[in-house]
Amino acid sequence: SPPAGGGTPPGVVKPAEPGPGRVGDDVRDGSVAYALGRFDKEVRRLYGVLDAHLSAHRFFAGRHFSIADIAMLGWVWRAAKHRVDLEDFPSVKRWWAEVSARP
């Protein structure tokens with residue numbers, strides 16, 4: 001149940017809003033370089049959030065593989081497309097190796 005006064009319960013990864021797919025202020029004055037830089041910075045921030053969570057938890061929802069991990073597979077398998085080296089995020093790399101080895 002949520003903590004008294006609202007907020008995110010302990011141990012739950014809070015959704016990242018607005019996320020890298022947000023539109024609106026992504027391009028200022030037609031600057032593609034600005035948009036790409038903003039995207040790269042946000043993607044690295046999000047991988048950092050994932051890495052921090054996984055440094056304290058084996059899986060996204062705790063000790064056991066769950067639908068939360070399946071949901072994250074679709075994001076992390078695109079690390080190369082995101083121009084992210086999982087070497088920079090060792091807990092995500094560990095998680096990825098474990099879940100991608102599952103049958």
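H1 passes H2 in a left-handed crossing; a crossing is left-handed if the near helix is turned anticlockwise from the far one by less than a right angle, and right-handed if clockwise. The contact is made by Val43, Leu46, Tyr47 and Leu50 of H1 and by Met72, Trp75 and Val76 of H2. Contact means heavy atoms within 4.5 Å. This is a predicted model, in which local features need pLDDT of at least 70 and side-chain atom pairs count only at pLDDT 80 or more, while totals for chains, interfaces and linings use all residues. Residues are numbered from 1 along each chain as its sequence is written, and side-chain values use heavy atoms, with hydrogens and water left out.

**Overall build**

- The protein has three helices and zero strands. Helices (H or I, at least four residues) and strands (E, at least two) are DSSP runs, numbered from the N terminus.
- Along the sequence the pattern reads α-α-α.
- Of the 103 residues, 24% count as buried. Buried means under 20% relative accessible area, exposed over 50%, and partly exposed in between (1.4 Å probe, protein chains only).
- The protein exposes about 6,900 Å², and carbon and sulfur atoms supply 60% of that area. Accessible areas come from the Shrake-Rupley method with a 1.4 Å probe; for residues, only the protein chains shown count as cover.
- Among contacts between residues at least 6 apart in sequence, 56% join residues at least 24 apart.

**Helix packing**

- Two packed helices are described by the angle between their axes and the distance between the axes. Here axes are lines fitted to C-alpha atoms, for helices over the stretch in contact, and angles run from 0 to 180 degrees between N-to-C directions.
- The axes of H1 (residues 32–56) and H2 come within 13 Å and cross at roughly 145°.
- H1 and H3 have axes that come within 7 Å and cross at roughly 70°. They are therefore roughly perpendicular to each other. Angles under 35 degrees count as roughly parallel, over 145 as roughly antiparallel, 65 to 115 as roughly perpendicular and the rest as oblique.
- On the H1 side, Tyr47, Leu50, Asp51, Leu54 and Ser55 meet Pro90, Ser91, Val92, Arg94 and Trp95 of H3.
- H2 and H3 pack at an angle of about 110°, with axes 11 Å apart. This pair is therefore also roughly perpendicular.
- Asp69, Met72, Leu73 and Val76 of H2 make the contact with Val92, Trp95, Trp96 and Val99 of H3. H2 passes H3 in a left-handed crossing.

**Tyr47 and His82**

- Tyr47 sits in helix H1. It is buried, with a relative accessible area of 0%.
- The residues touched by Tyr47 include Trp75, Val76, Arg78, Ala79, Leu86 and Phe89, with residues up to four places away in sequence not counted.
- The C-alpha atoms of Tyr47 and Trp75 are separated by 9.7 Å, and the two residues are 28 residues apart along the chain.
- His82 lies in the loop between helix H2 (67–76) and helix H3 (90–100). Its relative accessibility is 8%, so His82 counts as buried.
- A polar contact of 2.9 Å joins the side chains of His82 and Tyr47. A polar contact is a pair of N or O atoms within 3.5 Å; within protein, one must be able to donate a hydrogen and the other to accept it, and residues adjacent in sequence count only if both atoms are side-chain atoms.
- Leaving aside neighbours within four places in sequence, His82 is in contact with Phe39, Asp40, Val43, Tyr47 and Trp75.

**Arg83 in the loop**

- Arg83 is found in the loop between H2 and H3. At 54% relative accessibility, Arg83 counts as exposed.
- Phi of Arg83 is near 60°, a positive value in a residue other than glycine. Most residues other than glycine have a negative phi.

- Ser91 is found in helix H3. At 13% relative accessibility, Ser91 counts as buried.
- Not counting residues up to four places away in sequence, Ser91 touches Asp51, Leu54 and Ser55.
- Val99 also lies in helix H3. At 5% relative accessibility, Val99 counts as buried.
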